[in-house]
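Biologist: I'd like to learn how to read a model like this one, feature by feature. Could you walk me through it?

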Amino acid sequence: MTAADAVAEDTGWLPLRAELAGIAPYGAPQLDVPVQLNVNENPYGPSEACVADIAEAVAEAARTLNRYPDREFVALRTALAAYLSRDVADGQAPIVPEQVWAANGSNEVMLQLLQAFGGPGRTAVSFAPTYSMYPEYARDSNTAWVAGRRREDFALDLDAARELIAEHRPSIVLLPSPNNPTGTALPPAAVDALCTAAAEHGNDGRGGLVVVDEAYGEFRRAGTPSAIELLPTHRNLVVSRTMSKAFAGAGLRLGYLAADPAVTDAIRVVRLPYHLSATTQATALAALRHTDELLGQVDALRGERDLLVDWLREQGHDVADSDANFVLFGRFADRHAVWRGLLDRGVLIRETGPDGWLRVSVGTPAEMAAFRDALTTVTTTVIQENQ
Ligand SMILES: *Cc1c(COP(=O)(O)O)cnc(C)c1O
């Protein structure tokens with residue numbers, strides 16, 4: 001345990017909100033082990049040319065650090081709009097800067113969405129297994145949280161989803177696609193149907209928003225379009241992205257969304273003034289100038305992912321189909337023992353998802369070889385699987 005994880009013993013005197021008492025802060029263990037496959041980072045760092053460009057941009061920003069940064073981050077919104085426009089359908093208008101919003105990671109983007117569109121008397125809906133941060137944004141914004149269930153194969157049951165939306169009339173529906181922790185992408189027809197359902201059954205006679213969280217969008221398999229294509233059809237659709245995963249920028253903290261300009265306008269009311277620092281804006285802009293290089297390993301990672309899925313299936317494991325840069329596999333009677341056994345062999349993966357399952361991020365070929373070796377040892381000598 002690091003100092004930051006330590007929990008003070010006597011907190012009874014604190015005027016803490018009752019729903020926060022005894023709650024551990026969210027976060028995967030940050031352990032210094034040789035093979036880190038637990039938080040879905042891109043294993044490939046930036047090139048020296050990219051590092052030099054970022055350093056120069058940050059130095060330039062430093063010369064005016066006595067001034068507040070551009071509150072509307074227009075240059076960055078323009079660059080992000082150009083990048084997102086790669087995913088519009090043929091004949092569709094490009095994404096414009098007024099449709100784009102950004103914050104310190106898509107976690108902050110999503111919290112801002114809940115602050116603006118959730119709140120007391122309102123409900124956020126998702127379908128489990130889903131991203132474990134969503135209920136925390138709901139809690140922190142005093143929004144009621146309702147989680148429906150996905151099918152056994154982790155696909156959405158559309159009829160059940162529509163019924164849940166009609167019953168709870170959420171002001172916001174959160175749909176990760178590809179889903180974390182299962183890797184499952186949503187077909188556009190499902191997004192389309194849920195946007196229609198949310199528009200019909202929102203809060204106070206107004207339609208609810210549907211947020212498609214495409215944190216892993218760039219890793220989707222060929223033939224799976226981005227929900228960006230549906231933006232012209234549904235004004236209640238929000239598509240969220242991040243530079244943390246495919247873009248190899250987890251340390252940068254830059255998440256963003258595309259939506260109707262009315263949505264980005266409304267978020268401005270709840271954002272903190274100057275929430276994106278001058279150095280963040282400069283770094284993100286410099287990184288976006290190296291888009292093709294930073295995304296250059298995405299194809300290799302998708303290939304490595306598909307090999308991993310095949311290998312795990314050959315070993316007799318249950319494996320969820322994945323459109324992301326991680327794979328959910330199982331099922332183990334004692335998944336903690338498997339996780340621990342891998343860690344003892346220098347391989348850190350994530351103990352998350354439904355009971356009995358584990359999630360492993362896709363790393364370099366050498367890291368995946370280390371994972372395969374360690375898992376083979378652990379499952380053959382340490383653990384008996386329950387299947
Ligand atoms: C990793 C992840 C994010 C991205 O978080 P950042 O704050 O942008 O680093 C968002 N949604 C899901 C489902 C994720 O797994």
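**Reading the model, one feature at a time**

Biologist: Let's begin with a proline. Where is Pro181 found?

Modeller: Pro181 lies in the loop that runs between strand S5 (172-176) and helix H6 (188-200). Keep in mind that this is a predicted model.

Biologist: Is Pro181 buried or exposed?

Modeller: The cut-off for buried is under 20% relative accessible area. Pro181 has a relative accessibility of 4%, so it counts as buried. Not counting residues up to four places away in sequence, Pro181 touches Pro129, Thr130, Phe326, Leu328, Thr352, Gly353 and Arg359. There's a backbone detail here too: the peptide bond joining Asn180 and Pro181 is cis, with omega about 20 degrees.

Biologist: What kind of peptide bond joins Gly330 and Arg331?

Modeller: A cis one again, with omega about -15 degrees. Arg331 sits in the loop between strand S10 (326-330) and helix H11 (335-344).

Biologist: Now helices. How do I read a helix that has a buried face?

Modeller: The general idea first: an α-helix has 3.6 residues a turn, so residues three or four places apart point the same way. Now take helix H5 (residues 158-168), whose buried residues are Ala161, Leu164 and Ile165. Looking down the axis of H5, these fall within an arc of 100 degrees, so they line one face of the helix. Glu163 and Glu167 are exposed on the other side of H5.

Biologist: What do the buried residues of H5 pack against?

Modeller: Strand S3 (123-128), strand S4 (144-149), S5 and H6.

Biologist: What is phi of Asn142?

Modeller: Near 55 degrees, a positive value in a residue other than glycine. Asn142 is in the loop between helix H4 (134-140) and S4, and at 44% relative accessibility it counts as partly exposed.

Biologist: Back to buried faces. Which residues of helix H2 (residues 74-84) are buried?

Modeller: In H2, Leu76, Arg77, Leu80, Ala81, Tyr83 and Leu84 are buried. They span an arc of only 160 degrees around the axis, which puts them on the same side of H2. Among the elements covering them are strand S2 (100-103), helix H7 (261-270) and helix H8 (278-288).

Biologist: How do I describe the way two helices cross?

Modeller: You look at the angle between their axes, and 65 to 115 degrees counts as roughly perpendicular. For helix H3 (residues 106-117) and H7, the axes come within 9 Å and cross at roughly 90 degrees. H3 and H7 are therefore roughly perpendicular to each other. At the meeting point, Gln112, Leu113, Gln115, Ala116 and Phe117 in H3 meet Val263, Ala266, Ile267 and Val270 in H7.

Biologist: What about database annotations? Which feature does UniProt place at Lys245?

Modeller: The UniProt record, an unreviewed entry, lists "modified residue: N6-(pyridoxal phosphate)lysine" at Lys245. In the model, Lys245 is in the loop between strand S7 (237-242) and strand S8 (255-258). With a relative accessible area of 14%, Lys245 is buried. Leaving aside neighbours within four places in sequence, its contacts are Val39, Asn40, Asn42, Ala215, Tyr216 and Phe219. The side chains of Lys245 and Tyr216 also make a polar contact, at 3.1 Å.

Biologist: Which residues does the UniProt domain annotation cover?

Modeller: The unreviewed entry gives "domain: Aminotransferase class I/classII large" for residues 35-374. Over that range the chain is 39% helix and 15% strand, with the end C-alpha atoms 11 Å apart.

Biologist: One more: what should I look for in residues separated along the chain?

Modeller: Ile349 and Pro29 are 320 residues apart along the chain, while their C-alpha atoms are separated by 9.7 Å. Ile349 is buried, with a relative accessible area of 1%. Leaving aside neighbours within four places in sequence, Ile349 has contacts including Leu37, Asn38, Phe329 and Trp339.

Note on methods: Residues numbered from 1 in each chain as written. Predicted model: local features only at pLDDT ≥ 70, side-chain atom pairs only at ≥ 80, totals over all residues. Heavy atoms only, no water. UniProt positions renumbered as here; feature names shortened; annotations may be inferred. Helix = DSSP H or I, 4+ residues; strand = E, 2+ residues; numbered from the N terminus. Buried < 20%, exposed > 50% of the residue type's maximum accessible area, 1.4 Å probe, protein only. Contact = heavy atoms within 4.5 Å. Polar contact = N/O pair within 3.5 Å; in protein donor to acceptor, adjacent residues only side chain to side chain. Arc of directions from axis to C-beta. Axes fitted to C-alpha atoms, helices over the stretch in contact; angles between N-to-C directions. Parallel < 35°, antiparallel > 145°, perpendicular 65-115°, else oblique.
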